[in-house]
Amino acid sequence: MFPLVFEINTRIWLQKLSDQHQKNITLATVPDTEFTFFSECGFDIVWLMGVWTPSRYSKAIATAHPGLRSSFLSYHDPLDPDTIVSSPYAIPSYTVHDKLGGKDELLAFREKLNALGILLMLDFVPNHLALDNDWLPNHPEYFIPVSKDEQSQDPESCFEYAAGKYLAHGKDPYFPSWTDTLQLNYANPATREMMRENLLMISSLCDGVRCDVAMLILKEIFNTTWSNLSGHMEDEFWLEAIAAVKNRFPDFIFLAEAYWNKEWDLQQLGFDFTYDMPFYDHLTHAPVNVEKLMGHMQAQWEYQQHLCRFIENHDEPRAAEKIGLNNAVAALVLLTAPGMHLIHENQMDGYKKKIPVQLNRQEPEAGDAELHLLYRRLFQLQKKAVFREGNIEWLHLNIIRAAHCFGYHRYRNEEHAFILANFSATGISIAFSHPFLLNKNNNNLTILCTSCRDKTPEILLDGETMHIRLAPHEGVVVTC
């Protein structure tokens with residue numbers, strides 16, 4: 001089964017609900033209408049992003065950071081200092097924030113979800129902890145040491161945690177350090193044990209975890225980045241940690257945020273699903289990169305069925321802003337492709353303003369009712385077994401590859417669906433052949449279209465060949 005995941009920025013969501021209901025809403029008092037919404041949409045998993053106790057250091061750094069301030073002002077202008085909060089990925093400890101309701105209210109929220117057949121997902125951040133984490137100053141050995149000589153060469157890369165003593169900030173080697181964090185030392189077995197215990201504790205509170213920048217602690221990457229300071233990491237953390245959790249909770253779900261084509265490596269270590277950045281990059285490229293998308297979606301099934309596909313999340317620009325006129329047809333492709341599907345809060349309403357994760361209040365936006373309706377229809381369509389479990393093959397269309405159009409076929413037993421997408425600014429007549437279409441007629445077909453034209457596109461069946469005309473920026477799903 002390919003689960004449908006709904007990501008919520010927990011702090012902002014509860015603040016919005018509190019404003020709407022004119023009272024303080026915490027996890028235990030979330031209105032029933034929200035659970036009805038989750039259930040009606042058919043979400044299998046709700047991911048509460050950012051439930052852990054916030055870091056005081058992270059908030060202070062975010063408040064004073066000139067680059068972040070520019071992003072804050074582009075979202076809120078004027079900017080109320082009280083709207084600035086810590087990064088949800090600079091974690092001092094894995095305790096549920098009291099202002100959200102604490103551990104007991106989180107468990108009550110999970111119980112209500114589970115009663116509807118919906119699972120709860122939370123964040124696990126394996127690469128780093130906040131500067132003011134619970135393990136300093138008693139256990140500096142859990143982190144990467146930096147000598148005075150190294151510090152003098154790159155002062156921004158480390159934190160003076162005691163007089164004349166330095167620890168490395170968390171880092172992706174291709175970007176500047178995250179200065180509100182400390183890098184964990186996975187060459188130290190004690191660090192691995194501490195983080196494994198954190199993961200085991202989290203697994204008692206939820207049904208799955210989304211693991212932030214999971215590829216950074218792959219042995220190969222960690223040693224390339226840190227071994228000159230930390231020594232060598234000998235064994236893969238994920239292999240032992242995932243096994244430990246699944247020994248207690250066999251159905252627990254692991255989702256990895258993954259980059260650099262490390263999806264397959266992480267899947268082999270036990271991850272149930274991994275981010276599919278190539279799908280995102282090819283589909284949201286302007287113009288859509290049909291050749292690369294086609295090649296990627298024809299990868300081995302064992303790989304594809306463990307991918308998590310999305311066109312928006314808290315790290316990426318809003319889909320309505322980035323994809324523009326092709327937003328609806330991209331949504332159709334997303335939700336008819338195999339794999340886990342991730343939907344970000346307000347994505348289905350066409351919101352365009354990306355919210356920095358260090359803010360706790362959302363600006364109002366006008367929603368797109370037609371897009372919302374399309375998502376609802378796609379969610380209903382996705383419940384069909386052909387989309388939940390079916391395989392995929394690419395269709396050979398009677399068009400040149402540069403036309404920015406493509407199509408594919410989903411199939412399972414006697415269920416079939418044909419997905420056709422036009423990402424171009426012009427209408428186009430499409431034809432393709434498939435043996436399943438032989439002896440079929442229009443009475444056998446159901447059509448879902450992204451546009452709001454009075455009539456759905458006309459389809460002509462001629463033997464094994466289907467003829468259909470798509471308007472600009474339009475997609476259809478034809479189910480049989």
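The model is predicted, so local features are described only at pLDDT of at least 70 and side-chain atom pairs only at pLDDT 80 or more, while totals for chains, interfaces and linings use all residues. Residues are numbered from 1 along each chain as its sequence is written, and side-chain values use heavy atoms, with hydrogens and water left out.

Five of the six residues in β3 are buried, meaning under 20% relative accessible area with a 1.4 Å probe, counting protein chains only. Strand β2 (residues 45-49) runs parallel to β3 and is joined to it by three bridges; two strands count as paired if DSSP finds at least two bridges between them. Val46 has Leu120 as its bridge partner in β3. β3 also pairs with β9 (residues 208-211), again in the parallel sense, over four bridges, and here Asp123 stands opposite Arg210 of β9.

Among the buried residues of α7 are Arg192, Met195, Asn198 and Leu199. The buried residues pack against β3, β4, β9, α9 and β10, where contact means heavy atoms within 4.5 Å. At the start of the helix, a side-chain oxygen of Asn188 comes within 3.0 Å of the backbone nitrogen of Ala190.

Next, have a look at Asp172, in the loop between β7 (165-168) and β8 (181-183). Asp172 is buried yet has no salt bridge, and Lys171, the nearest side chain of opposite charge, is 7.1 Å away. A salt bridge needs a side-chain nitrogen of Lys or Arg within 4 Å of a carboxyl oxygen of Asp or Glu. A polar atom of the Asp172 side chain does lie 2.9 Å from the backbone nitrogen of Tyr174. Leaving aside residues up to four places away in sequence, Asp172 touches Trp178, Met215, Leu216 and Trp260.

Finally, turn to strand β13, residues 340-344. Both of its faces are covered, with Met340, Leu342 and His344 buried on one side and His341 and Ile343 on the other.

Methods:
Helix = DSSP H or I, 4+ residues; strand = E, 2+ residues; numbered from the N terminus. Buried < 20%, exposed > 50% of the residue type's maximum accessible area, 1.4 Å probe, protein only. Lys, Arg positive; Asp, Glu negative; His and termini not counted. Polar contact = N/O pair within 3.5 Å; in protein donor to acceptor, adjacent residues only side chain to side chain.
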